[in-house]
Amino acid sequence: RAASAMPAKLQEYTTGHLFGDLWQGEELTLAERELITCTTLVALYRSNEQRVHFVGAKNAGVARSKIEAMITHVAHYAGWPCGATASGILNEVWPPEG
């Protein structure tokens, strides 16, 4: 869903607080934040958001092998469907080399 389709107040919180205050903190690197976010999205089965953040992780310098390892790990705790779906989404937005 496009950000512009959000209610004004939700868009304000998304831009100002989530991607402003939270994502700009000094405690974690951008790559660490992306990996944490991707892990959470896989565990919660949030397919649409995985598409955005897998690309974000790639752009932040997270290696694809780290994302694959995370998906495998999370599948054991959150369930095989979460892992299988995330693997498919990763291949869709970040095709494996070879």
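Me: What makes a stretch a helix here, and where is L41 found?
Reply: A helix is a DSSP run of H or I with at least four residues, numbered from the N terminus. L41 is found in helix 2. Keep in mind that this is a predicted model.

Me: Why is L41 called buried?
Reply: Buried means under 20% relative accessible area. L41 has 11% relative accessibility, so L41 counts as buried.

Me: What does L41 touch, leaving out residues up to four places away in sequence?
Reply: L41 touches R46, E49, Q50 and H53. Touching means heavy atoms within 4.5 Å. L41 and H53 are twelve residues apart in sequence. In space they are 8.6 Å apart, C-alpha to C-alpha.

Me: What describes two packed helices?
Reply: The angle between their axes and the distance between the axes.

Me: Why is helix 2 called roughly antiparallel to helix 3?
Reply: The axes of helix 2 (residues 30-43) and helix 3 (residues 47-59) cross at roughly 155° and come within 9 Å. Angles over 145 degrees count as roughly antiparallel. That makes the pair roughly antiparallel. The crossing of helix 2 and helix 3 is left-handed.

Me: Which residues make the contact of helix 2 with helix 3?
Reply: Helix 2 supplies E34, T37, C38, L41 and V42. Helix 3 supplies E49, Q50, H53, F54, G56 and A57. By class, that contact has five nonpolar, four polar and two charged residues. Gly counts as polar, and G56 is one of the residues from helix 3.

Me: How do the axes of helix 2 and helix 4 cross?
Reply: They cross at roughly 35° and come within 9 Å. Helix 2 passes helix 4 in a right-handed crossing.

Me: What makes up the contact of helix 2 with helix 4?
Reply: From helix 2 come L35, C38, T39, V42 and A43. From helix 4 come I67, M70, I71, V74 and A78. The residues of this contact divide into nine nonpolar, one polar and no charged.

Me: Where does R64 lie, and why is R64 called buried?
Reply: R64 lies in helix 4 (residues 64-78). The cut-off for buried is under 20%. R64 is at 13% relative accessibility and therefore counts as buried.

Me: How do you know that R64 makes a polar contact with N91?
Reply: A polar contact needs a pair of N or O atoms within 3.5 Å. The side chains of R64 and N91 make theirs at 2.5 Å.

Me: What is R64 in contact with, leaving aside its neighbours within four places in sequence?
Reply: R64 is in contact with L90, N91, W94, P95 and P96.

Notes: Residues numbered from 1 in each chain as written. Predicted model: local features only at pLDDT ≥ 70, side-chain atom pairs only at ≥ 80, totals over all residues. Heavy atoms only, no water. Axes fitted to C-alpha atoms, helices over the stretch in contact; angles between N-to-C directions. Helix = DSSP H or I, 4+ residues; strand = E, 2+ residues; numbered from the N terminus. Parallel < 35°, antiparallel > 145°, perpendicular 65-115°, else oblique. Left-handed = near helix turned anticlockwise from the far one by under 90°. Buried < 20%, exposed > 50% of the residue type's maximum accessible area, 1.4 Å probe, protein only. Polar contact = N/O pair within 3.5 Å; in protein donor to acceptor, adjacent residues only side chain to side chain.
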